[in-house]
Amino acid sequence: MTTDHAVDIDKHVRIYITVFVALMVLTIVTVAISRFHLPVPVAVSVALLVAIIKGSLVACYFMHLISEKKLIYAVLVLTAAFFIALLALPVLTVHDGFWIR
Amino acid sequence: MEIPYTVEIRRDTGLTNGKIGIWLFLASEVMLFGALFASYILIRTGAPTWPRGDTILNVPLATFNTIVLISSSVTMVMAWASLMRNRFGTFRLYMGATILLGGVFLVVKYFEYSHKFHDHLFPSTNNFLAIYFTLTGLHMLHVMGGMAVNAYFWGPGAKLWKTNPEWFTNRVEHSGLFWHFVDLVWIFLFPTLYLL
């Protein structure tokens, strides 16, 4: 193992610890916000926003997505498109199936 | 015959086969949980009333489990970093801690479930509990699966370190990707089910 490589890993480890602290703080924030009993749309938006930030930290740093190969990004973009489509399906039902009218 | 591209990079993908394999698997997992999240949205938006999660579920226990799972993600990535630093003993410690934390998560979940059953709250009781047990149950199966793979790499699978350390490091990275995904799913399950 080269010295450069060892320094690089040491830098990574420091980032992991910082991300860990950030995730802990955000977990406390999520629980604290829920105690305010905000109106449902606001509560959902805030909770999802915090969850998206936490999820992004895990994906970017622990799963190394911040510096991955293009093919993996391509797979994930495709997955994200289908995932969004899947979540959008229930939203369409709110309009009582406008597509069959 | 040797398995190709376990360590060396394929020129067409720029990746090892294991790396692209685990990401394709995770993509299918996103769709699996995505389908259940979509069902949850459909059932919740279609219901005239919906209970707040914290009126039925135990938030302090779930918060504790969130901390446990996030900690296990850190120990998992530290296990991989230890191998990258050529420190096998430290790897064993971190990997052991990851498995142990996974076990703590399951024990807490056992107490949560048994408390619900004791109060006669079952998946058949109402839609909220149906979706709660389905989502957390499936997630729990993933925790068990991840623990089994990690235990293999902590125990018998670690023999590979002696003959091919680079391949072993890649394998640990891939099992780590699955473990972090399990953590990521919980990060969304926790507020969705317990806090909203």
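**Close-up 1. Helix 1 of chain B alongside helix 7 of chain B in the predicted model.** Here helix 1 (residues 17-46) and helix 7 (residues 165-195), both of chain B, have axes that come within 10 Å and cross at roughly 15°. With angles under 35 degrees counting as roughly parallel, that makes helix 1 of chain B roughly parallel to helix 7 of chain B. The crossing of these two helices is right-handed.

**Close-up 2. Who meets whom between helix 1 and helix 7 of chain B.** Helix 1 of chain B brings G18(B), K19(B), I22(B), L26(B), E29(B) and F33(B) to the contact. Facing them from helix 7 of chain B are N170(B), R171(B), H174(B), L177(B), F178(B), F181(B) and V185(B). Sorted by class, this contact has seven nonpolar, three polar and three charged residues.

**Close-up 3. Helix 4 of chain B packed against helix 5 of chain B.** Now the pair is helix 4 (residues 88-118) and helix 5 (residues 127-154) of chain B, packing at an angle of about 155° with their axes 10 Å apart. Angles over 145 degrees count as roughly antiparallel, and helix 4 and helix 5 of chain B are therefore roughly antiparallel to each other. Their crossing is left-handed.

**Close-up 4. The residues joining helix 4 and helix 5 of chain B.** On the helix 4 side of chain B, look for R92(B), M95(B), G96(B), T98(B), I99(B), G102(B), F105(B), L106(B) and K109(B). They meet M140(B), V143(B), G146(B), M147(B), N150(B), A151(B), F153(B) and W154(B) in helix 5 of chain B. The contact between helix 4 and helix 5 of chain B splits into 10 nonpolar, five polar and two charged residues.

Methods:
Residues numbered from 1 in each chain as written. Chains lettered and ligands numbered in written order. Predicted model: local features only at pLDDT ≥ 70, side-chain atom pairs only at ≥ 80, totals over all residues. Axes fitted to C-alpha atoms, helices over the stretch in contact; angles between N-to-C directions. Helix = DSSP H or I, 4+ residues; strand = E, 2+ residues; numbered from the N terminus. Parallel < 35°, antiparallel > 145°, perpendicular 65-115°, else oblique. Left-handed = near helix turned anticlockwise from the far one by under 90°. Contact = placed C-beta atoms within 7 Å. Nonpolar A, V, L, I, M, F, W, Y, C, P; charged D, E, K, R; others polar.
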